[in-house]
Every structure is written in structure tokens, then in C-alpha cells.
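Please consult the sequence and the structure as you read.

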Amino acid sequence: MNSPGKWRYVAIALLSFAFVLGIYVLYRTYPGKDVVSSQPSPTQPSTPVSLPRLVSNCGTETPAETDNPIAAAYGNSAYPWTNEIRWQCVYNIEDFPGNSLDERFRDARDAASNNGGGVVYFPAGTYRFSEDLELADGVVVRGETPRVQDAKSSNFRPPTRLEFPKYEPRFSGNGTPNETAFKKILTKQPNYDKKIGLINLEIDRAGIKFSGNPKITEMRDFVVFGVRSNNVAEPDPNIPDRSFQKPWFRYSYRFAANIDIDARENVLVANNRLNDAITDNFEQPGYTVKSLDNSKTITYNDGSKVPFHYGNHYGIIVNRSGRFEPSETPETAPELFRKGVTIRDNWVYHTMRVAIHAAGEGLVIRDNVIRDDRNKQWWTDATGLREPRGANTLENRGIDWSGWNVEVIGNDFEVYRHRLGSTNYLSVDGEGILIQACCGGTTVNGATIGGNRGNAYIGLYKVGDIREVSIDNNRIEPPDYSDISAIYVVADTNDRPHSMENVRVENNILKGSISVVAKAGGRNNSVVGNRGDGSGAILRSCHVQLRDNRGFEEKACSD
């Protein structure tokens with residue numbers, strides 16, 4: 001007969017084992033959130049030890065923020081489509097076990113998407129991923145609300161940080177494989193996913209690319225809000241050219257972007273801070289290019305002449321992907337006239353290409369701050385394969401817009417041109433606010449460009465027929481080397497004259513000239529109440545009326 005004492009010892013042993021196992025499970029299931037790695041532990045079990053408990057198919061148990069942050073920032077009526085996102089259904093990453101952070105995220109994302117959408121929430125901390133992050137239909141990734149919420153403040157620091165692998169260059173052999181870094185945040189089904197967003201996150205070393213085929217995409221309702229983005233780049237696929245360049249050379253791809261979105265309707269890119277803390281640039285001693293006549297190879301022993309630079313690309317792109325004919329219309333390129341696109345309250349630093357590059361019917365670009373570097377110098381053409389020539393463009397530009405009924409209001413911008421190599425030539429670019437005929441440009445039918453402040457000119461540059469434009473209350477002070485008017489409104493293209501109607505240039509404060517020209521005629525066009533510094537003139541077609549302008553030489557009109 002068994003003694004009671006024996007069973008008591010057995011019970012104690014079993015309870016002790018259960019207690020130890022429970023502590024082990026909790027430790028592996030909920031690792032500390034200060035630094036969460038995507039790399040699996042050698043002793044970690046190969047399958048999740050438990051599954052998160054869903055609450056009525058709308059989130060998990062651990063509490064998190066559930067408000068609509070867009071309504072909190074701008075009011076319920078400003079962007080009503082954001083109310084359709086299931087902010088209240090929160091899937092806290094702490095409730096999802098897994099062998100790696102990448103796996104845990106995928107489980108949380110799928111739980112949200114499969115239950116009608118919701119928010120994958122990351123509490124404050126650093127989360128290290130090793131792979132691209134793919135969002136799914138109806139899923140928003142959200143971090144903890146920062147103490148300072150204004151992204152234009154230098155104190156803006158989202159407490160939730162998503163960190164991706166750093167590219168560690170190797171200056172020998174074939175170099176470090178590109179696949180080790182240069183990650184992206186994508187969508188699972190480009191062209192189809194909807195109600196996707198990134199909220200209150202610091203994202204290091206991953207570009208945001210919610211893009212597909214702009215001609216057929218059904219994607220809509222995208223929001224990127226409160227994101228701090230740094231160290232974003234792509235390696236140029238055409239570098240190195242093995243015929244004369246070393247295999248380890250890399251060149252920052254000029255068509256990369258911090259944020260790149262194609263959507264059929266409703267895009268809000270607001271209150272983000274881009275490229276304010278770039279840390280990963282690296283020099284490349286011995287970089288080689290071809291001479292202008294292609295007869296010889298030039299070697300730059302100074303590695304600072306052609307560095308791999310994480311600011312040499314676009315900042316924000318919305319609906320400008322693809323190839324286009326000059327001066328497109330809604331009939332010829334409907335993808336340039338999608339509705340509901342707003343880009344506002346962002347802070348963007350860049351050293352090459354365009355800070356904000358967007359198109360849309362009713363497009364709004366407002367209250368953004370754009371910064372650049374003075375005294376820039378560059379030693380290749382835009383491709384990274386040849387030495388620069390005097391007419392090279394590197395597309396240094398603040399805002400490049402297209403579409404109809406567009407508002408560009410209240411922006412503060414700096415744009416500087418590059419000195420090209422050892423010459424005295426400057427790159428052929430340097431526009432502040434521009435629409436042009438080529439490269440995704442459209443005709444102009446409704447535009448308000450007002451209350452902007454900057455050091456580079458406003459241009460409606462050879463776009464074809466111009467209708468219903470107001471350019472008012474801007475303060476534009478181009479640098480001394482500027483060789484074009486501070487406000488340049490010219491309808492005529494290189495192949496023929498065009499007309500202009502209802503164009504008003506009013507109450508601007510300028511350093512430099514004003515040009516308003518359409519040789520095919522026009523009506524109701526005026527230049528009124530502008531103030532200059534005495535350095536410029538007003539050049540106009542004879543159908544443009546002048547009144548109460550001061551500080552300009554008034555040239556005779558021409559037709």
C-alpha cells in the first residue's frame with residue numbers, strides 16, 4: 001500500500017515542474033520590448049507555445065491605443081475615409097509568440113486581416129526585423145504616440161522604432177551582397193490592398209513602397225502619419241558596369257524614395273520627418289567613370305567625391321510612376337488625375353532629386369518644410385557612369401506637381417544646385433515649385449499656389465494651355481546665381497504657342513523677375529500688386545494686364 005507521504009512528494013515535484021515551465025513559457029512568449037530581435041534563439045521552441053486570445057474577432061487582450069489619430073490631428077470631417085479603418089481592433093504584438101519578430105508580425109498581421117482588418121500595435125521599444133515587412137489588406141501598423149507630436153519639430157522622436165539591417169560595405173571582391181540590406185515596407189497584394197497605414201513609427205533602413213501598376217491599381221485609403229524615416233536607399237541596378245568599374249562599387253539609385261505610393265483614391269501623407277538623421281553614408285575611394293567622349297576612364301581616388309549617399313533620391317512620391325507623353329490630360333493619362341491625395345505638414349531633407357513629387361485631381365500639397373545642403377558638389381552624371389557635363393540635371397527640386405485643381409499652399413522650401421565636378425558649371429535644375437510638360441506633367445486647369453516661402457522659383461514651365469491659376473502672397477528670394485524669373489508662367493511649348501486664361505499673379509514679394517507669356521493669346525490675365533527688390537523685370541504677353549507693381553522694370557509687352 002502506498003504511503004500518503006510519497007504522493008505528497010510527487011505532488012510537490014509536479015507543481016514545481018509546472019511553475020518552472022510556466023516561467024519559461026512566459027519568458028519565451030513575451031521577450032523584453034526594449035530590443036526585440038527577429039533572429040530566433042537557439043534554445044527557442046520550433047513552434048509557438050501558445051496562441052493569442054482574440055476578443056470577439058476584433059483584437060487581442062493586451063490594451064493599446066484605439067483612437068483615430070487622423071481625426072485627433074485634423075478633425076473628423078477632414079479625411080472621413082480614415083474612419084473606415086478599424087482603429088478599435090488592435091492586435092498587440094506582445095500577444096503573439098514566435099520564433100522571430102518577422103514571424104510574430106506576420107501572425108499578427110494575418111490575424112488582423114483575416115478578421116476584417118485592424119491595427120498591429122507595437123508598444124514603445126526597438127524592434128529589429130531581418131526581412132521586408134509586408135502589410136495586408138485592411139492592416140495598419142501603429143506605434144506608441146510620441147511625446148512631441150509635430151514632425152516639423154527637431155524634438156520629434158517616435159518611441160516605437162522599427163529597425164532593419166544596415167548595409168556594411170566591403171571594398172573588395174564583389175562587395176557586400178545587396179540582399180543583406182535595403183529592405184522595404186510593402187503590401188502583400190500590390191494593386192488590390194486597401195485601408196493600409198503606418199502610424200507613429202521611427203523606421204530606420206526601410207523605404208515605404210505601396211506601389212503597383214498605376215494604370216490598373218485598385219489600391220486606396222492609404223495613410224502614412226507620424227513616421228520618422230532615415231537611411232533609405234536602393235543600389236542602382238546598373239552599377240557597377242563591369243567593363244570599367246570594380247564589382248564592389250555601389251551607387252545610390254536616383255529613383256528610390258522614402259515614401260512611394262500608387263493608389264486609385266485617398267492618400268494621406270502627413271506629419272512625417274524624412275532624412276533628419278542619416279548615419280549610413282559611405283565613401284568609395286577609387287570610384288571610376290567614363291569621360292564625356294567615352295575615350296578614357298577617370299578614377300576618383302578621393303572617396304568623398306562619389307559617396308553612396310542616403311539623401312540622393314526622392315522624398316515623397318504619389319502617383320507619378322510610369323512613362324508619359326508631354327502635357328497629359330484626364331483622357332490621355334487618368335492615373336495622373338486620381339482624387340483624394342494630400343501631402344501636408346511633412347519635414348523633408350534631401351540632397352538630390354525631388355522632395356515632393358505628386359499628381360492628382362484636387363491634389364493638396366501644404367505646409368511642408370523642405371531642406372537641402374548649400375555648396376553641393378558632384379562628380380558624375382545622374383547615372384553614376386560618366387563625368388558630368390555642363391548641362392547635366394540632377395533634378396534638385398522642392399515640389400514637382402501635376403494634375404488639375406491643385407493647391408500648393410504654405411510650404412517653406414530650400415533648393416540648391418550642384419557644382420559639377422571641378423568646373424564652374426551648376427546643375428540645370430533648382431526649381432522650387434514646378435509643373436512642366438514632360439515626365440508626368442499635365443496641362444494646367446485650376447491651380448492655387450499661395451503663401452509659400454522659398455529660395456527657388458515658381459514655374460509653370462512650357463506646359464501648354466493654362467487655365468484658372470492664382471499665384472499669390474508668395475515670398476521668393478532665389479540666390480544670386482539664378483538665371484530664370486522668380487515666377488515663370490509660360491504656356492508655349494518648344495514646338496508651338498499656347499493660350500492662357502484667368503491667370504493672376506498677385507501680391508508676391510520677390511527677388512528677381514516675373515514672366516507671364518502665352519503667344520497664342522488669352523484673356524483675364526493679370527500681374528497686380530507685386531513687390532520686387534529692383535533687380536528684376538516683368539516680361540509679359542500683351543493680353544496680360546499690369547497694375548500697382550513696384551520694384552520691377554516693366555518691359556514692353558510682346559505677342
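**Aromatic rings and a buried asparagine**

Phe337 and Trp404 are both buried (under 20% relative accessible area with a 1.4 Å probe, protein chains only). The model is predicted, so local features need pLDDT of at least 70 and side-chain atom pairs count only at pLDDT 80 or more, while totals for chains, interfaces and linings use all residues. Residues are numbered from 1 along each chain as its sequence is written, and side-chain values use heavy atoms, leaving out hydrogens and water.

**Aromatic pairs**

- The structure holds 23 aromatic pairs, that is, rings of Phe, Tyr or Trp (its six-membered ring) with centres within 6.5 Å.
- One aromatic cluster includes Trp248, Phe249, Tyr251 and Trp378.

**Charges over rings**

- Arg273 lies over the face of Trp347, 4.0 Å from the ring centre (CZ of Arg or NZ of Lys within 6 Å of the centre and within 35 degrees of the ring normal).
- The charged end of Lys305 sits 3.9 Å from the ring centre of Trp379, over that ring.

**Asn258**

- Asn258 counts as buried because its relative accessibility is 0%.
- Its side chain makes a polar contact with the side chain of Asn275 at 3.0 Å (N or O atoms within 3.5 Å, one able to donate a hydrogen and the other to accept it; residues adjacent in sequence count only if both atoms are side-chain atoms).

Note on methods
Phe/Tyr/Trp six-rings, centres within 6.5 Å; stacked < 30°, edge-to-face > 60°. Buried < 20%, exposed > 50% of the residue type's maximum accessible area, 1.4 Å probe, protein only.
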